[in-house]
Amino acid sequence: MYVDPHDPKARLFLHYGDLSDGARLVTLLAEIKPDEVYNLAAQSHVRVSFDEPEHTADTTGVGTIRLLEAVRMSGIETKFYQASSSEMFGATPPPQNEDTPFYPRSPYGAAKVYSYWITKNYREAYGMYAVNGILFNHESPRRGETFVTRKITRAVAAIKAGKQDLLYMGNLDAVRDWGYAAEYVEGMWRMLQADEPDDFVLATGGNYTVRDFLQISFEHAGLNWENHVRFDERYLRPTEVDALVGDASKAQDKLGWKASVHTPELARIMVDADIQALKHAGNHWIDSVNLDSWKN
Ligand code: GDD
């Protein structure tokens with residue numbers, strides 16, 4: 001929980017910094033001297049990366065080398081975690097693991113491939129403790145509202161409450177391996193506690209389509225998705241990633257990590273949370289649903 005920094009019990013401190021500003025990153029790291037750095041920063045929306053490809057390359061790709069260089073130049077001893085992504089596998093068919101070749105299908109995926117290799121390069125070139133966590137889709141009630149799971153669970157809550165009738169969606173045939181973000185964050189931390197730096201896939205191994213996620217979520221609220229979902233081509237991507245299903249056996253063997261929440265349970269957790277959130281937020285909440293569903 002966030003505590004005012006004037007309070008002696010405060011343990012969380014926020015600082016300004018931006019991955020587009022390399023000099024600032026050096027100053028910050030020299031000042032804070034962190035034991036561990038987790039690079040989770042990016043323009044992380046795949047569809048948006050087609051609209052803003054250069055910005056995506058700058059933050060999601062070059063941003064990583066700015067941060068790695070800042071670690072090197074500030075001379076601090078720190079472990080470095082790079083948020084690599086299953087989007088790097090792109091068109092390579094599942095199951096995907098650490099040995100699967102990359103075939104990115106978006107400016108976002110291509111930028112993540114650059115960041116993956118530059119992290120590995122800094123490990124080999126400078127002996128840095130730097131790791132890639134190759135995470136498959138991980139979700140929670142805190143998920144951004146324009147990603148497909150949250151877009152669906154927010155709509156379910158609004159439709160159930162009689163505040164919305166239709167939900168416009170893109171490709172329902174895409175297969176994803178959706179896990180629970182809280183468990184994945186523990187996996188990230190475990191990667192930095194290992195004796196040697198290495199790269200790991202985190203995934204549930206589950207295989208569900210967007211249509212399945214719709215069905216599970218609507219059913220949980222006692223609704224029939226087919227009565228409420230309509231197609232809008234604006235949500236299609238110029239090139240799609242058809243199927244991502246991960247094999248996390250290396251993380252299980254070496255880190256003792258295994259996902260316990262699978263996609264159906266995750267969908268129910270998110271629907272329940274959005275139904276509760278709507279009860280608390282009332283009309284203010286519904287305005288933002290309509291705005292978001294227009295965008296992505
Ligand atoms: N966002 C969105 N909105 N996606 C839709 C929609 C829609 O209306 N309709 C269908 N989809 C499909 C997309 O085409 C895609 O195949 C799938 O739903 C999942 O889309 P997202 O939730 O936007 O996630 P993503 O898989 O593209 O990327 C996420 O996971 C990656 C890990 O594999 C992001 O979190 C990335 O940052 C992350 O790296």
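Reader: Which residues in helix 5 meet which residues in helix 7?

Author: This is a predicted model, in which local features need pLDDT of at least 70 and side-chain atom pairs pLDDT 80 or more, while totals for chains, interfaces and linings use all residues. Residues are numbered from 1 along each chain as its sequence is written, and side-chain values use heavy atoms, with hydrogens and water left out. Helices (H or I, at least four residues) and strands (E, at least two) are DSSP runs, numbered from the N terminus. Contact means heavy atoms within 4.5 Å. From helix 5 come Val148, Thr149, Ile152, Thr153, Val156 and Ile159, and they meet Val210, Phe213, Leu214, Ser217 and Phe218 of helix 7. By class, eight of the contact residues are nonpolar, three polar and none charged. Nonpolar covers Ala, Val, Leu, Ile, Met, Phe, Trp, Tyr, Cys and Pro; charged covers Asp, Glu, Lys and Arg; the others, Gly among them, are polar.

Reader: At what angle do the axes of helix 5 and helix 7 cross?

Author: Two packed helices are described by the angle between their axes and the distance between the axes. Axes are lines fitted to C-alpha atoms, for helices over the stretch in contact, with angles from 0 to 180 degrees between N-to-C directions. Here the axes of helix 5 and helix 7 cross at roughly 30° and come within 10 Å. Helix 5 is therefore roughly parallel to helix 7. The cut-offs are under 35 degrees for roughly parallel, over 145 for roughly antiparallel, 65 to 115 for roughly perpendicular, and oblique for the rest. The crossing of this pair is right-handed, a word used when the near helix is turned clockwise from the far one by less than a right angle, with anticlockwise giving left-handed.

Reader: Which residues of helix 7 are buried?

Author: Buried means under 20% relative accessible area, exposed over 50%, and partly exposed in between (1.4 Å probe, protein chains only). In helix 7 (residues 210-220) the buried residues are Val210, Phe213, Leu214, Ile216, Ser217 and Phe218. They pack against helix 5, strand 5, strand 9, strand 10 and helix 9. Glutamate 219 also belongs to helix 7, but counts as exposed because its relative accessibility is 53%. Just after the helix, glycine 222 has a positive phi of about 75°.

Reader: How do helix 1 and helix 3 cross?

Author: The axes of helix 1 (residues 22-32) and helix 3 (residues 53-74) cross at roughly 45° and come within 8 Å. That angle makes helix 1 oblique to helix 3. Helix 1 passes helix 3 in a right-handed crossing. Among the residues making the contact are Leu25 and Leu29 of helix 1, and Leu67 and Val71 of helix 3. By class there are eight nonpolar, two polar and one charged residues.

Reader: Is lysine 33 buried or exposed?

Author: Lysine 33 counts as exposed because its relative accessibility is 55%. This lysine lies in the loop between helix 1 and strand 1, and has a positive phi of about 50° although it is not a glycine.

Reader: What does glutamate 240 contact?

Author: Leaving aside neighbours within four places in sequence, glutamate 240 is in contact with Arg105, Asn171, Ala174 and Arg176. Its side chain makes a polar contact of 3.0 Å with that of asparagine 171. Such a contact is a pair of N or O atoms within 3.5 Å; within protein, one must be able to donate a hydrogen and the other to accept it, and residues adjacent in sequence count only if both atoms are side-chain atoms. Glutamate 240 counts as buried because its relative accessibility is 16%.
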